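Welcome! Let's walk through a protein model together, one step at a time. Take a look at the sequence and the picture, and keep them at hand as you read.

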Amino acid sequence: MRTSTFGRNRLAALSLATVASASLALASCSAPGEKDGNTEAAHSSVTEGSDAAKAPSNDQSSTPAQESGMNHEGHDHMSGAKTITSGDLAFEDAYITAKPASKKMTGVFGTFKNTSDKEINITEVSGSLKGRYEIHETNNGVMSQMKGGLKIAAGQTSELKPGGNHLMIMDNTDEIAAGDTLTLNLKDSEGNSYELKDIPVRVQNSQHEHYGH
């Protein structure tokens, strides 16, 4: 009887040892697999991050120079500034203001430059557009015809601008559209003539000027 009970106890102990050994074996086998899985996940995350860093940008934002209408060299390609020369007289940044047919007058603006060593006094103006041409000055907001001509000192400049000295074309009932051109013919007090060709027409904000008579 004692022998039988001892045998059964020994058999139970052996069974428990076998189960424990099997559990340890399973645990040791599953641990590397879990580690490999975590490693693969981390590697996948790094790879995806690298691909995102290498992906090209779709940012279409423009540079300040492009927004401002300037070309790659930084020059304003929309200004259309032009210098026209005839003899000793240059007309820089020259333009005429566009107008509809319903408006009978418009102005010519820019900067005259005298490249000679003596004064040039412009006393007569005519041009390729029909109408009456006058040299005007503005004093205290009142515009009137300039007396004695437009004097440009030797080697100096004289600016024509809205609200200041300018050339006026009056009694013109035609449309003068942007893109058109004008030829001016000037004479000075010495009888010299200056032909200024292809002055461009541009759109400009309305200027409120008053005539004095």
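The strands β2 and β11 pair in the parallel sense, over 2 bridges. Here, two strands pair if DSSP finds at least two bridges between them. Before going on, please note that this is a predicted model, in which local features need pLDDT of at least 70 and side-chain atom pairs count only at pLDDT 80 or more, while totals for chains, interfaces and linings use all residues. Residues are numbered from 1 along each chain as its sequence is written, and side-chain values use heavy atoms, with hydrogens and water left out.

Now follow β11 to another partner. It is joined to β10 by 6 bridges, and β10 and β11 run antiparallel. One example is Asn185, whose bridge partner in β11 is Glu195. The hairpin of β10 and β11 has 4 residues between the strands, and Gly191 takes a positive phi near 90° there.

How many helices and strands does the protein chain have? There are 2 helices and 12 strands, where helices (H or I, at least four residues) and strands (E, at least two) are DSSP runs, numbered from the N terminus. Along the sequence, the pattern is α-α-β-β-β-β-β-β-β-β-β-β-β-β. Contacts (heavy atoms within 4.5 Å) also tell us about the chain: among those with a separation of 6 or more, 68% are between residues 24 or more positions apart.

Next, look inside. Of the 213 residues, 25% count as buried, which means under 20% relative accessible area, with exposed being over 50% and partly exposed in between (1.4 Å probe, protein chains only). In soluble globular proteins, nonpolar side chains tend to be buried together. In this model the largest nonpolar core has 26 residues, and those with the most contacts inside it are Phe91, Phe112, Ile122, Leu184 and Leu186. Such a core is a set of buried Ala, Val, Leu, Ile, Met, Phe, Trp, Tyr and Cys residues joined through side-chain atoms within 4.5 Å. Several strands each supply at least two residues of this core, including β2 (89-97), β3 (106-114), β10 (181-188) and β11 (193-202). Leu186 is in contact with Leu89, Phe112, Ile122 and Tyr194, among others, leaving aside neighbours within four places in sequence.

The structure holds 2 aromatic pairs; rings of Phe, Tyr and Trp (its six-membered ring) pair if their centres lie within 6.5 Å, and planes under 30 degrees apart count as stacked, over 60 as edge-to-face and the rest as tilted. Phe91 and Phe112 form a stacked pair, 4.3 Å centre to centre with 20° between the planes. Phe91 lies in strand β2 and Phe112 in strand β3, so this pair ties together parts that are 21 residues apart in sequence. Phe91 counts as buried because its relative accessibility is 0%, and Phe112 counts as buried at 1%. The pair of Tyr95 and Phe109 is tilted, at 5.5 Å centre to centre and 40° between the planes. This pair links Tyr95 in strand β2 with Phe109 in strand β3, 14 residues apart. Tyr95 counts as buried at 13% relative accessibility, and Phe109 does at 6%.

Finally, find Ser86 in strand β1 (residues 84-86). Is Ser86 buried or exposed? Ser86 is buried, because its relative accessible area is 13%. Not counting residues up to four places away in sequence, Ser86 touches Ser193, Tyr194, Glu195 and Leu196.
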